[in-house]
Amino acid sequence: EEQKRLLENRPDQPQNPKVLRIAIIGAPNAGKSTLSNQLLGRKVFPVSRKVHTTRCKAQGVVTHEDTQLIILDTPGLTNPLKAKRHNLEEAMLTDPWDSMKHADLVLVLVDVSDHWTRNSLSKEVLKCLSQFPHVPSVLVLNKVDILKKKFLLLEIVADLTEGIVNGKKLEVKSALKQDSSSSAKSPLQITQASPPESKVPGSPCGQEENQAQEGSGLDKSSDVGGAGTGEAQGPKHCGLEDLKETKGWPHFQEIFMLAALHGEEVDTLKRYLLMQAKPGPWEFHSNVLTSQSPQEICNNIIREKVLEYLPLEVPYGVTQVTDIWEEGECGELLIVQSLLVPRESHKRMLIGKGGKVISRIAREAGQDLMNAFLCDVRLKLKVEVKG
């Protein structure tokens, strides 16, 4: 009821409100929901090692002083063939595009620990960027802590940006520090050479000493207008034919390197996003953390655990039905949910030997729900065969 009231009521506008709508896009499992949760400071989006954990577009809200960041956590960009294989809803193909339509800034998240995909942006991501070239974009390299050979970041950056950031050519030099205590701190020194036709004083994105300590991939000097500026000519709309040979996107305004799972350097990115906000009315009350209802958060968290502990394609066929949702006298929450599976063999898998699997799912989901709702939660799960 409280969440419903906050979502329906007018936002508590400050004197001079600022707002920034951020779309986070990337291949499935790049860490979009993990990054969203870290920016929010609490887990409200489901996270799993399996692809397509996020099934629909959800909004997270960060309110800091007079600024509101609205984070559009979108499903991983996929194509109709993969969507059919995973029995995915139509919304998963359209939601990322809808997010781009409403975004003031787009974060393109790339998992650098995946050596199969890290040196090129997926065709779906490139298609999305080329359809919305007017939306400023920022490249975020995630899971940097897992990458053993840090010098590979130089190569990844060059490939994903096509050697150009903020309209200027990159000059990439190695500046590895042996005693670096933080695994996600950028070991790179990336400076930008001015294009020959325009001698720009200073290095708008050159990494200074103090910036190296902060860990952002590129410096944000005062003479750069930030996410709103773009290149002089601006990126042009590309046709699908143009994307065939393309690996990267030469219109990124900034690069960040972080480890979202451990929160390393997420604050640096958060500060940058707060700086990019423009004057405009808030959309949510300052107490709102997400546009999702408590029931949606509950369903997502349980589903996350089911995805985590069931093999292969099995969890994608599970249907959730909430039987009881009651608040007790002391504010505790009692939730009883039925998990409906298509066949008896799936039921046995989900229950596990001696009920071990379903007990673990209930225990871990219950703990996550307590952290999300900040109250005691008693969660009971039942498994039944559909029909």
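Buried means under 20% relative accessible area, exposed means over 50%, and partly exposed is in between (1.4 Å probe, protein chains only). I'm working on a predicted model, where local features need pLDDT of at least 70, side-chain atom pairs count only at pLDDT 80 or more, and totals for chains, interfaces and linings use all residues. Residues are numbered from 1 along each chain as its sequence is written, and side-chain values use heavy atoms, with hydrogens and water left out.

**Cysteines.** I looked at C375 and got 23% relative accessibility, so I noted C375 as partly exposed. C298 comes out buried, at a relative accessible area of 0%. Then I looked for disulfides (cysteine sulfur atoms within 2.5 Å) and found 0 in the structure.

**Aromatics.** How many aromatic pairs does a search of the whole structure find? I got 2. For the rings of Phe, Tyr and Trp (its six-membered ring), a pair needs centres within 6.5 Å; planes under 30 degrees apart are stacked, over 60 edge-to-face, the rest tilted.

F256 and Y272 make a tilted pair, with 5.1 Å centre to centre and 55 degrees between the planes. This pair links distant parts of the chain, 16 residues apart: F256 sits in strand β9 (residues 252-257) and Y272 in helix α9 (residues 266-276). Helices (H or I, at least four residues) and strands (E, at least two) are DSSP runs, numbered from the N terminus. Both F256 and Y272 are buried.

W325 and F373 pair edge-to-face, at 6.3 Å between centres and 70 degrees between planes. I placed W325 in strand β11 (residues 319-327) and F373 in helix α12 (residues 356-373), 48 residues apart. Is W325 buried or partly exposed? Partly exposed, because its relative accessible area is 27%.
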